[in-house]
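Dear colleague,

I am handing over the structure we spoke of, with the sequence alongside. Please have it open while you read the notes below.

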Amino acid sequence: MNREHFGSKKGRVILVNPGIHLFPPLKNRGMYPNNAIQILGTILHQNKFDVRIVDGMYLSVDNAVHEILSLISEDLIFIGFSVMTIQVKWAYLVSSEIRRKCPDVKIVWGGVHPTLFPEQTVLDNAVDLCVVNECAFTIVQIANALAAEDNLSNIPSLCYKDNGKVNLTLPNQIPDDFTNIPYIDFSIMNHKLYSKNNVFAMDSSLNEEYKRQIAYPINASLGCNFRCSFCINVILERKYKMRTAEEIVERIEYLKSEYGANYIHMVDENFFGSKKRVYQFVELLRSRNVDIKWRPQIRADYFNKSYINESFVKELEESGMVIAVMGVESASQRTLDRLDKKMKVESITVALEILSKTRIIPRLSFMVGIPGETEDDIKQTYQFAVMLKEKYPLCQPLVTPFRLFPGSKFYELAVSKYGYKSPESLIEWVENADKEYCESVGYQNPKDYVWVANAKKFESRHKIFIMFKTASWSLFPQLIKKDIKSKIMHYLKLLIYKVTALRIKNEFYQLNIEYLLLELFRKGRNIIQNIK
Ligand code: SF4
């Protein structure tokens with residue numbers, strides 16, 4: 001095809017941020033497309049490709065297909081999906097419908113799921129090519145090769161069908177870092193939709209302040225300097241790379257002046273990995289008088305006498321830090337050690353004690369159902385989460401069932417010791433999605449937790465915890481308005497919180513009437529939303 005005709009643009013690339021089949025499309029909420037879509041879209045745009053982003057988090061499968069079809073042009077090079085396992089079904093339904101309607105269009109999948117299962121993904125008729133692991137370095141090469149219909153065999157980390165055979169090219173030796181990852185060019189997406197009523201700003205807001213917040217994300221680092229054995233950063237061997245404090249503050253100043261940003265979501269998984277950078281960052285915000293709210297992820301054990309102590313935590317609060325998002329994983333030391341977390345359970349309470357001197361919200365995520373965990377390990381974690389909420393009212397504890405990733409030692413254990421069998425084809429993953437555990441989207445069906453001693457209890461306890469979490473996270477006295485409806489809602493939540501806390505502490509999970517009521521409430525709300 002002669003591309004001169006299309007002026008300076010090299011051709012169109014449609015990037016799709018898949019939805020999640022169990023989630024209704026978002027309405028009145030801002031959530032940016034995943035990081036890969038933003039980064040790759042920016043790189044392609046900078047290299048003169050005509051980038052279009054379709055955001056499945058806001059679209060049903062049918063509407064997404066409709067929107068993609070409307071964007072398919074004569075100069076289309078490929079449609080790219082960045083897929084996590086929880087998005088497989090949605091991405092598959094859209095890809096196969098596009099394949100059916102436009103058989104010649106090239107469909108490329110990248111992201112965590114195809115990286116873990118490239119061969120089985122590309123064997124499906126809905127997918128032409130899988131990009132394995134990071135590809136900021138190769139995306140332009142890929143787009144150029146597909147546009148020119150060139151041979152792909154010289155481009156690293158690709159998996160594709162060739163005459164019915166699956167070809168996997170050599171691994172990419174040049175990992176992505178900040179020499180090839182630019183800051184996001186927000187002009188390629190509907191950023192005004194994402195920046196308002198932003199979900200991350202909302203969940204770190206103690207009152208209705210989020211309504212005034214204009215949120216933008218920053219990639220201040222990639223990967224992590226720890227080696228927790230369950231973590232996707234470790235499984236995919238991602239290295240830790242950081243932007244400097246100066247670069248981050250300059251970027252914040254740019255986002256403020258260009259878009260009016262007043263809330264920054266640090267997308268990094270370990271913003272506090274370098275003490276020196278953190279001290280410089282806080283000092284720069286102060287000396288340059290940068291008025292901003294910011295949200296980082298942080299390890300709980302960074303709260304200690306020699307790093308984030310009672311004095312420095314106040315500086316963090318003054319600099320605008322509003323929440324501390326911590327992956328603390330377990331209240332069982334045995335489990336933390338098995339996860340190679342390199343952290344003591346006591347660090348969690350130390351962190352909360354230090355944070356309690358401020359209004360910074362502690363967000364804690366725990367995991368349960370790790371192969372080899374005992375019933376006692378699991379019980380300890382739920383009860384610890386409840387205890388923390390009671391002692392530190394601002395704290396937001398979240399417990400979720402563990403998801404197995406191939407490549408981790410827990411996956412090997414699940415297969416060798418417990419006879420676990422994961423889906424063997426893309427279509428099996430799609431069918432598996434129908435059985436997913438709806439209350440923990442992205443996690444596995446309780447029946448798949450073959451290593452959990454008491455699967456029934458595992459499920460019923462978690463359902464009670466869902467009620468506990470739903471009620472307790474939004475119990476801020478500041479939010480009670482004077483009207484009668486708000487007061488009733490507040491006391492209803494308080495009642496559910498107290499009852500569910502009691503249940504978890506006393507291990508009483510029968511007669512879960514609260515959960516049935518929640519289900520009824522959700523169904524009613526969905527019906528009303530659909531009518532609107
Ligand atoms: S500290 Fe967090 S991001 Fe880093 S390896 Fe461990 S789980 Fe992964």
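This is a predicted model: local features need pLDDT of at least 70, side-chain atom pairs count only at pLDDT 80 or more; totals for chains, interfaces and linings use all residues.

Residues are numbered from 1 along each chain as its sequence is written, and side-chain values use heavy atoms, with hydrogens and water left out.

The mean pLDDT of the chain (the predictor's confidence in each residue, from 0 to 100) is 90, and 94% of the residues reach 70 or more. Over residues 1-7, however, the pLDDT is below 50, and this stretch has ten contacts in the model beyond near neighbours in sequence, a contact being heavy atoms within 4.5 Å.

The chain is divided into domain 1 (4-168) and domain 2 (454-532), with bounds that come from an automatic or database domain assignment. The centres of the two domains, taken over C-alpha atoms, are separated by 39 Å.

Helices α10 (residues 245-259) and α11 (residues 275-287) pack at an angle of about 35°, their axes lying 9 Å apart; the axes are lines fitted to C-alpha atoms over the stretch in contact, and angles run from 0 to 180 degrees between N-to-C directions. Helices (H or I, at least four residues) and strands (E, at least two) are DSSP runs, numbered from the N terminus. In this pairing, Ala245, Glu246, Ile248, Val249 and Ile252 of α10 meet Arg277, Gln280, Phe281, Leu284 and Leu285 of α11.

The model has 26 salt bridges, each defined as a side-chain nitrogen of Lys or Arg within 4 Å of a carboxyl oxygen of Asp or Glu. One of them joins Arg363 to Asp203, with the closest N and O atoms 3.0 Å apart; this pair links distant parts of the chain, since Arg363 is in strand β14 (residues 361-368) and Asp203 in the loop between α8 (199-202) and β8 (215-218), 160 residues apart.
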